[in-house]
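Please look over the sequence and the model below before reading on. The paragraphs that follow go through some of its aromatic rings and one of its helices.

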Amino acid sequence: MSVSARLFWAVLGAVSIAFHLGLVFSGLVPNLVSRPLHMALALPFVLVLLAKTPAQRISGAAIAAVGIAACLWIALNADALGDQYGYLSGPFQMAVALTLLAVVLEMARRAIGWPLPLVAGIALAYAVWGEAIPGEFGHPGLPMSSLFGTLTIAEGGIWGKLTGVSVNVVAIFVIFGAVLNAGEAGQGFMNVAAAAAGRLRGGAAKVSVLSSALFGSISGSASANVASTGAITLPAMTRLGYPRSLAGAVEAVASSGGQIMPPLMGAGAFVMVELTGTPYSDIVMAALLPAFLYFFAVWIGIDAFSLRHTLKGLAAEDRPSLRAVAITSAFFLVPFSVLLWGMFVIQVTPQYAASLSILAGAVLLALDANLTLDWKRTLLRLEDACINGGKQIGTIAAIILCASIIIGVLGMTGLGVKITSLILSGSGGYLWPALLLTAIACLVLGMEVPTTAAYVICVSVAGPALIALGLEPLQAHLFVFWYALLSTITPPVCGAVFIAAGMVGENWLKVAFSAMALGLGLYLVPLGMIANPLLIDLADTPVDALLAALKAGAGLGAISFGVIAPLNPLLRAGLVAGGGVLLFV
């Protein structure tokens, strides 16, 4: 990228960051103004910056220009459109609506590929022609002006609740992550992990687990996690003689855990706030113990693998000094402390607390690990933060806007209620068969759809059924969210495994099988949350929740060790059976 192009994207990223921070500090802005402007700022990043060929850049620029014009028209006419209650008036408004929907579908296709926009396209086709379907799964028909108006000029489609979460909360935490990643925070994560676990048996793998848990808590992306922490941990593991399949599996599994690790949880926590009405702080507390159990199971799995292979710790010269750990850890501890202080001490909203943390992190960009100042380096870091922040906001906006089309159609046509009824009848009215059906749906949908979108779609249709069968809303949502992650390490489509396998130069199937063994917690912890709801009740009953977590942890550890360790078959079976009793009874 040329200097002038980089400057352009940095300026545009800075505008996007200023806009989203401004929404937090300036008070209320009408939804039909803030949400279309959010999409307008996201379009150039997705359609032009992420373009892979000159032809894609040219076509992307043209589509972005049309989309921005439509978004600005919505924002400028927000008051008048609000009085239309989602009913389009005249062919011009219909043209604007169809243009917006087409741009959203293309935006999502370029950001994440075909599957999600294909599902959204099928949903739109069902909304238009579903009345021709005989039987229960048809619908009475919708006036086109009402259908497309609700999706594009009211708050029931692409400008709905999900987009509000993207605008007001997710974008702020994405900026927070971009600012931290532009400075020394990433090195701080690695140093803390290396100091804590580097000398242990399987130390290089355990460094990967800890650093991925820390880094993933702000990145919320398995792929980004593998690419960043894996660039350091994978060479270290292979250099120490770890089997390549195991090295790749450790990084894939540890990195996938970033999406269930508070505070960010791959944007899922904030979507959950909107869908359940549960305060953000309660969701963080509910997600905390299950996330620790997941990483604990991975840790035990590494110890079990060490009985099969010689897994050395990091050499003394490869471990950071105490001074380096103390200094670099401050680069993430200070912003995180500001975040926690804002949320739990002065009790402002999560996005306001995150905005304060962004300011603290931006100040720290001026310093390096030696506490020296370099203004040129600082400007480059700010440039990186602006470009990456704008790009990540754009990608998440593309996913959420496209998913909002599906949610809007489910609501308007009643299809969501019909699928819920199908799940209830298919499970015979029993909870555990319904959970199995939901898990299969999550795995299939998650194969090609990003975790947050898979969670939103699955919980929209399966969530009501699970709640009707006796689950608490938060319990049902966490179950679906965890299982929407299955495809990160489960064949045939396992994104984190593919990336890690490519980085270590190993057959992806070998990496996948090791990853599934190491990542047993991803399959078992959600079931444990159903069998023992105390695991997600840390906020209300902390002692009981901790005792339940200890019991579940012992069970998970026994299962993980029994599955992986080279032991007598009877002993392995006993460990797995005993662990299952501890986890589920």
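Does F176 count as buried or exposed? At 2% relative accessibility F176 counts as buried, where buried means under 20% relative accessible area, exposed over 50% and partly exposed in between, with a 1.4 Å probe and protein chains only. The model is predicted, so that local features need pLDDT of at least 70 and side-chain atom pairs count only at pLDDT 80 or more, while totals for chains, interfaces and linings use all residues. Residues are numbered from 1 along each chain as its sequence is written, and side-chain values use heavy atoms, with hydrogens and water left out.

F173 is likewise buried, with a relative accessible area of 2%, and both residues lie in helix α8 (residues 161–182), three residues apart, or about one turn of the helix; helices here are DSSP runs of H or I with at least four residues, numbered from the N terminus. Ring pairs link F173, F176, F270, Y280 and F336 into a cluster, given that rings of Phe, Tyr and Trp (its six-membered ring) pair if their centres lie within 6.5 Å, with planes under 30 degrees apart counted as stacked, over 60 as edge-to-face and the rest as tilted.

By this rule there are 16 aromatic pairs. For F173 and F176 the ring centres are 6.5 Å apart and the planes stand at 85 degrees, so this pair is edge-to-face.

Helix α24 (residues 520–531) has twelve residues, and eleven of the twelve are buried, among them Y523, P526 and M529.

Terms used:
Helix = DSSP H or I, 4+ residues; strand = E, 2+ residues; numbered from the N terminus. Expected span 1.5 Å × (residues − 1).
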